[in-house]
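I wanted to look up a few local features in this structure and set down what I found, entry by entry.

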Amino acid sequence: MSSGYAVIGEARGRHEAWSPARGSEIIADHLAMEGATLPILHAMQETFGYVPQDAVPLIADALNLSRAEVHGSMTFYHDFRNEPAGKHIVKVCVAEACQAAGGNATSERIAKALDCAFGETRPDGQVTLEPIYCLGLCSCAPSAMVNGRLVGRLDDEAVDEIAAECRS
Ligand code: FES
């Protein structure tokens with residue numbers, strides 16, 4: 001990267017397409033855990049990029065819960081998506097340390113550069129923009145996560161580079 005912003009960590013790979021067999025495998029891998037609902041939901045989202053509606057009855061049956069209970073867990077924790085994300089996922093920290101470091105203005109610039117509102121996926125499916133509440137990167141604020149890669153010290157140049165990455 002040519003700008004002064006910090007890239008911390010590696011990006012994760014692309015998501016798999018949903019299949020009930022793969023969903024059942026994920027459930028089986030976590031079934032013995034205490035409080036398995038959240039680990040399963042996280043693993044589903046990690047694998048598929050969202051928690052497919054079809055996964056809910058599988059999870060409910062395996063954990064002897066109602067579908068409403070699984071839905072309740074999903075909606076309580078804002079981190080879970082129930083629709084596929086865009087090709088690129090940009091999460092911008094909106095927590096206190098990042099706000100104090102000018103994060104509000106950065107968030108606005110990113111939303112404008114990506115032509116995407118927070119909490120939405122652009123209609124062309126190219127990018128999803130989400131707020132996130134502290135990435136543990138406060139010393140490098142303002143911070144974001146771009147396609148699973150942590151980035152800090154976001155300046156105008158960094159925003160331009162993120163926008164360019166999201167055009168690819
Ligand atoms: S407040 Fe943004 S990384 Fe901690």
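Is Cys134 buried, exposed or partly exposed? I am working from a predicted model, and in it Cys134 is partly exposed, because 14 other C-beta atoms lie within 10 Å, a count that falls between the 12 or fewer of an exposed residue and the 20 or more of a buried one. I found Cys134 in the loop between E4 and E5, and noted that its phi is near 75°, a positive value in a residue other than glycine.

Next I turned to Tyr133, which lies in that loop between strand E4 (127-132) and strand E5 (144-146). Tyr133 is exposed, since 12 other C-beta atoms are within 10 Å, and 12 or fewer is the cut-off for that class. Leaving aside residues up to four places away in sequence, I see that Tyr133 touches Val94 and Ala95. I also checked Tyr133 against Glu165, 32 residues apart along the chain, and their C-alpha atoms are separated by 23 Å.

I then moved to helix H3 (residues 55-63), where Ala55, Val56 and Ile59 are buried. Seen down the axis of H3, the buried residues fall within an arc of 100°, so they line one face of the helix. As a reminder to myself, an α-helix has 3.6 residues a turn, so residues three or four places apart point the same way. The buried residues of H3 pack against helix H1 (20-30), helix H2 (37-48) and helix H4 (67-76).

On the H1 side the contact is made by Pro20, Gly23, Ser24 and Ile27, and on the H3 side by Ala55, Leu58, Ile59 and Ala62. Sorted by type, the residues of this contact are six nonpolar and two polar, with no charged residue.

Last, I followed the chain past H3 to Asn64, which is found in the loop between H3 and H4. The phi of Asn64 is near 60°, again a positive value in a residue other than glycine, and Asn64 is exposed, because 7 other C-beta atoms lie within 10 Å.

Methods. Residues numbered from 1 in each chain as written. Predicted model: local features only at pLDDT ≥ 70, side-chain atom pairs only at ≥ 80, totals over all residues. Helix = DSSP H or I, 4+ residues; strand = E, 2+ residues; numbered from the N terminus. Contact = placed C-beta atoms within 7 Å. Arc of directions from axis to C-beta. Nonpolar A, V, L, I, M, F, W, Y, C, P; charged D, E, K, R; others polar.
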